[in-house]
Amino acid sequence: MEKSEKIWLDGKLVPWNKANIHVMTHTLHYGLGVFEGIRCYNSMENGPTIFRLQEHVDRLFQSAVILGIDVPFSNKDIYDAIIQVVLENKLEECYIRPIVFLGDNKMGLNPKGVNVRCAIAAWRWGTYLGEDGLNKGIRVRISSFTRHHVNISMTKAKACGYYINSILAKAEAHRDGYDEAVLLDPNGYVSEGSGENIFIYSKGKLHTPTLSSSNLDGITRDAVIKICKELDIGTEERNITRDELYIAEEVFLSGTAAEITPVREIDGRIIGKGVKGHITDKIQETFFKIAHGNKSKFSKWLTPI
């Protein structure tokens, strides 16, 4: 990790190495907390711009509501603090991590009365799945781990503890020589990657799992659907079976960290021609044009710094 200079912690900017918490921090022990991942891109005309900032801040607060966490700052406070962190660290392109977590004044499984704390960090972070992955595609395996049931852990919250499931899937995939994992939902349908939504192109249309498949309502996922409307590419949200992945013409993953990453192989099966497909390339190219401020129609998605 390439450290930056300052982190926003509970309303104040502090040096990176002094943004510390106590070992008895409640979220460290029990995992109850919510977070976001946001990217800032360098726009040719407007300089650094944050991609879909308001939507990310809104989802952070929605996640907190789902888990019953009262955030001690307003939506606008966090919005403004994110901009402040990017400015103070003089970052042109970066990854931004706001997190809401429980403090160290109380232990036990009842979170009532535990102090709620907030932090925002930003640092330079390149493509999550690698530049080769963006250009040539990645190798994926179907995980032996199942995504959460919608009534076991409420899957529309982007919650800290939920990512144990993702870590297990990701680590298993790497041990087996793959770049990433795709998890199935409790009913056996395709859910999502360890940290990304998934799309397949088949029979002239783009398909993605319905949001009842234990998957997160991804902001990049939503961007892809809106981009496809602009490009006149038909989209459908539905249940997708594992074997449909194998015979799809194209597959790609979407997410703030992964951006638009094509998949060239799943469980040893070559997807399409084993390279980034034409439709994936069009969507990826349009996504990056938007993120870098080269599509005025989507300028509302960008918050200039």
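Author: In this predicted model, isoleucine 78 has a relative accessible area of 2%, and because buried means under 20%, isoleucine 78 counts as buried. The residue belongs to helix α3, which spans residues 75-88. When its neighbours within four places in sequence are left aside, isoleucine 78 is in contact with Trp8, Val57, Leu60, Phe61, Phe73 and Ile120. Glutamate 259, by comparison, is 181 residues away from isoleucine 78 in sequence, with 23 Å between the two C-alpha atoms.

Lysine 76 is exposed at 56% relative accessibility, while aspartate 80, at 33%, is partly exposed.

The structure holds 21 salt bridges, and another of them joins glutamate 230 to lysine 297, whose closest N and O atoms are 2.6 Å apart. Glutamate 230 lies in helix α6 and lysine 297 in the loop between α8 and β17, so the pair ties together parts that are 67 residues apart in sequence. Glutamate 230 is partly exposed at 34% relative accessibility, whereas lysine 297 is exposed at 59%. Salt bridges that share partners also join Arg52, Glu55, Asp222 and Lys226 into one network.

Helix α6 (residues 219-231) packs against helix α8 (residues 278-291) at an angle of about 105 degrees, and their axes are 10 Å apart. Since angles of 65 to 115 degrees count as roughly perpendicular, α6 and α8 are therefore roughly perpendicular to each other. On the α6 side, Thr220, Val224, Ile227, Cys228 and Leu231 take part in the contact, and they meet Lys282, Ile283, Thr286, Phe287 and Ile290 in α8.

Two further positions complete the picture. Serine 166, in helix α5 (residues 163-175), is buried with a relative accessible area of 5%, and apart from residues up to four places away in sequence it touches Arg147 and Ser194. Leucine 28, by contrast, is exposed at 57% relative accessibility and has its place in helix α1, residues 26-30. Leucine 28 belongs to a nonpolar surface patch with Val23, Met24, Tyr30, Met107 and Leu109, and together these residues have about 600 Å² of accessible area.

Note on methods:
Residues numbered from 1 in each chain as written. Predicted model: local features only at pLDDT ≥ 70, side-chain atom pairs only at ≥ 80, totals over all residues. Heavy atoms only, no water. Patch = residues over 30% accessible without salt bridge, like charges linked within 9 Å, V, L, I, M, F, W, Y side chains within 5 Å. Areas by Shrake-Rupley, 256 points an atom, 1.4 Å probe, with all protein chains shown as cover. Salt bridge = Lys/Arg side-chain N within 4 Å of Asp/Glu carboxyl O. Helix = DSSP H or I, 4+ residues; strand = E, 2+ residues; numbered from the N terminus. Buried < 20%, exposed > 50% of the residue type's maximum accessible area, 1.4 Å probe, protein only. Axes fitted to C-alpha atoms, helices over the stretch in contact; angles between N-to-C directions. Parallel < 35°, antiparallel > 145°, perpendicular 65-115°, else oblique. Contact = heavy atoms within 4.5 Å.
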